[in-house]
Amino acid sequence: MQDANEHSPGAEAHPVPATVWQRLTGMFFTPGTVFAALRHQPDFLAPILVMALLTAGFSVFFTVWVKVDPKEVARRAIERQLESQGKRWSDLSDAEQRQFEQGIEFSAGLQRFAPLIGIGVSVLATLALAGVYYLGMLLARGQATFRQVLSVTAYATYATESVKYVLNILIILLRPPDAEQILKARGSFVISNPAPLLPESLPGWMLAAVSWVDVFSLWFIVLMAIGLAAVAYRKTPQQMAIIPGSLWLLGLLGSVVFALVTGGK
């Protein structure tokens, strides 16, 4: 089935088809051109494949380069959780200690499958996010197919996450983290929001809110607004920005509420 936008009044002429390499590199220099090409030639396999390789590669690199026992990281995570509750490991009963020890063993065992788990999570997250954006597109009365929205989501995710991976690798090469730093990093060693610079004594909900004021998150919102406008009929980036902007706001509010309810940091 042909794209309905092609037969819409006032539809633009087809952009010059670009190779996969041109699209992947163009996301960092001329994202608007790449998104315009995706309107007529949707392509989501290339960025999803690149992200899968980056995810698996980073996981292997981290395991080889960072000489930290996964059990130590899991144990320290439990200790931090107990500290937030005003407890210590010695305060636990024998049964509770055995239960936590089993959890530590299980968590450490999962590290062997980290590359595969990372690939699965990356692909499923992109598909789920594209589904949410497609629903937002329908609510905004934008004429675009799910394939087009998935392509935009995949390329926008690839652009932001690949840069984050590269920066994380450089930081780890310069200074391999210990168990405490791994836990504080929460998946990324790049300081792209003010939260890591603030005292941990601040309320958890405040740190959660500030963590969403993130350079990569804002960059992703801009890319999605441009991309959704490119594949939708007669929509501007300003009009489409409400979709990623609303999801960002919901995520921020959800994190704040969760921190208030659980008292977590």
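Ser-162 is placed in helix H7, which spans residues 146–174, helices being DSSP runs of H or I with at least four residues, numbered from the N terminus. The model is a predicted one, in which local features need pLDDT of at least 70 and side-chain atom pairs count only at pLDDT 80 or more, whereas totals for chains, interfaces and linings use all residues. Residues are numbered from 1 along each chain as its sequence is written, and side-chain values use heavy atoms, with hydrogens and water left out.

Because its relative accessibility is 8%, Ser-162 counts as buried (buried, under 20% relative accessible area; exposed, over 50%; partly exposed, in between; 1.4 Å probe, protein chains only). Its side chain reaches the backbone oxygen of Tyr-158 at 2.7 Å. When residues up to four places away in sequence are not counted, Ser-162 touches Phe-28, Met-51, Leu-54 and Thr-157, a contact being heavy atoms within 4.5 Å.

The largest nonpolar core comprises 38 residues, and those with the most contacts inside it are Met-27, Phe-35, Met-137, Tyr-155 and Leu-228; such a core is a set of buried Ala, Val, Leu, Ile, Met, Phe, Trp, Tyr and Cys residues joined through side-chain atoms within 4.5 Å. At least two residues of this core are supplied by each of helices H2 (31–40), H3 (45–65), H6, H7, H8 (179–185) and H10 (215–231), and the largest share, eight residues, comes from H7. Leaving aside neighbours within four places in sequence, Tyr-155 is in contact with Arg-23, Leu-24, Met-27, Val-34, Phe-35, Leu-38, Asp-43, Ala-46 and Pro-47. Apart from this core lies another, of six residues, including Ala-74, Ile-78, Trp-89 and Ile-104.

In helix H9 (residues 204–211), Gly-204, Leu-207, Ala-208, Ala-209 and Val-210 are buried, and the buried residues of this helix pack against helix H12 (242–262).

Helices H5 (94–110) and H6 (114–139) are the elements that give two or more residues to the patch, the largest share, three residues, coming from H6. Leu-110, which lies in helix H5, counts as partly exposed because its relative accessibility is 34%.

Technical notes: A polar contact is a pair of N or O atoms within 3.5 Å; within protein, one must be able to donate a hydrogen and the other to accept it, and residues adjacent in sequence count only if both atoms are side-chain atoms.
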